[in-house]
Amino acid sequence: MTKILVVEDELPILTGIRDNLEMEGYEVATAIDGEKALEMVSKFKPDLIVLDIMLPKVDGFEICRRLREGKSNAAVVIVSAKKEETDKVYGLDVGADDYITKPFSVMEFLARVKAVLRRRGHAPPLLKYAFGDIALDFENFEATKKGKKLPLTPREFKIMRLFVENRGRVITRNEVLNKVWGYEVFPTTRTVDNHIVKLRKHIEDDPAKPCWITSVRSVGYKFNG
Ligand code: CA
């Protein structure tokens, strides 16, 4: 899954960008100041960083410079209220891949992010997937079994997407927690098990003898679609 770190100190903008990116299928983490951003770069290892310029503690230009001096090869899309051409030139000069000025349309923003990722060789997020008699549409949050609608919650879609993108590989409960619940909140691994029980009721012919989502003893789960 492509990972994006959003760095922005204005909360409404931060949550707006995060929600839209998550809906597109990216794994998203956030930071509200420059120090936290640099910390998240090493912790979360994003593929792309959406970066505001005017930030508390360490500004966006400085973050960009430090990234390029350090080991991070993450793509950077600067999102800034600074409209002057010199700022744009400077931003690209310190290593940003693209520069968008506020206010911007969500459509344009997503298109620019996608274009930068494509240039960096990242495959676009998976939008549809079918296995057995199940069809999943991650874009429109629609799931069917034998053509009948399955009432999956957004969280269950996220879990399914994680499984599908890692099909055939064992996924630990902690990995599910990190990628579906996020890095800030940590419910218990028991929560993951409860969600898997519910998912199996929807997708398995016999939830007691699952064939799509199998348990791997004391480790986690594996999706066999
Ligand atoms: Ca700001």
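A salt bridge here is a side-chain nitrogen of Lys or Arg within 4 Å of a carboxyl oxygen of Asp or Glu. The model on screen is predicted.

**The two domains.** Colour residues 3-119 as domain 1 and residues 128-223 as domain 2. Their C-alpha centres lie 30 Å apart. Where they meet, eight residues of domain 1 are in contact with seven residues of domain 2. The area buried between the two domains is about 650 Å², with 47% of it from carbon and sulfur atoms. Select Met23, Gly25 and Glu27 in domain 1: these lose the most area to domain 2, together 50% of what that side buries.

**The salt bridge.** Between domain 1 and domain 2 the count is one salt bridge. Next, show Lys158 and Glu22, which form a salt bridge with their closest N and O atoms 3.7 Å apart. On the side of domain 1 that touches domain 2, H1, strand S2 (27-31) and helix H2 (34-44) each supply at least two residues.

**The calcium ion.** Move to the calcium ion and select Asp9 (OD), Asp52 (OD) and Met54 (O), which coordinate the ion at 2.1 to 2.4 Å. Asp9 is partly exposed, at 31% relative accessible area, whereas Asp52 is buried, at 3%.

**Pro187.** Finally, select Pro187 in the loop between helix H7 (173-181) and helix H8 (189-203). Pro187 is partly exposed, with a relative accessible area of 22%. Leaving aside residues up to four places away in sequence, Pro187 touches Leu177 and Trp181.

Terms used. Residues are numbered from 1 along each chain as its sequence is written. This is a predicted model: local features need pLDDT of at least 70, side-chain atom pairs count only at pLDDT 80 or more; totals for chains, interfaces and linings use all residues. Side-chain values use heavy atoms; hydrogens and water are left out. Donors are N, O and S atoms within 2.8 Å of the metal (3.2 Å for Na, K and Ca); water is not among the atoms, so sites may look incomplete. Buried means under 20% relative accessible area, exposed over 50%, partly exposed in between (1.4 Å probe, protein chains only). Helices (H or I, at least four residues) and strands (E, at least two) are DSSP runs, numbered from the N terminus. Contact means heavy atoms within 4.5 Å. Domain bounds come from an automatic or database domain assignment. Buried area is the accessible area (1.4 Å probe) that two parts lose on being put together, summed over both.
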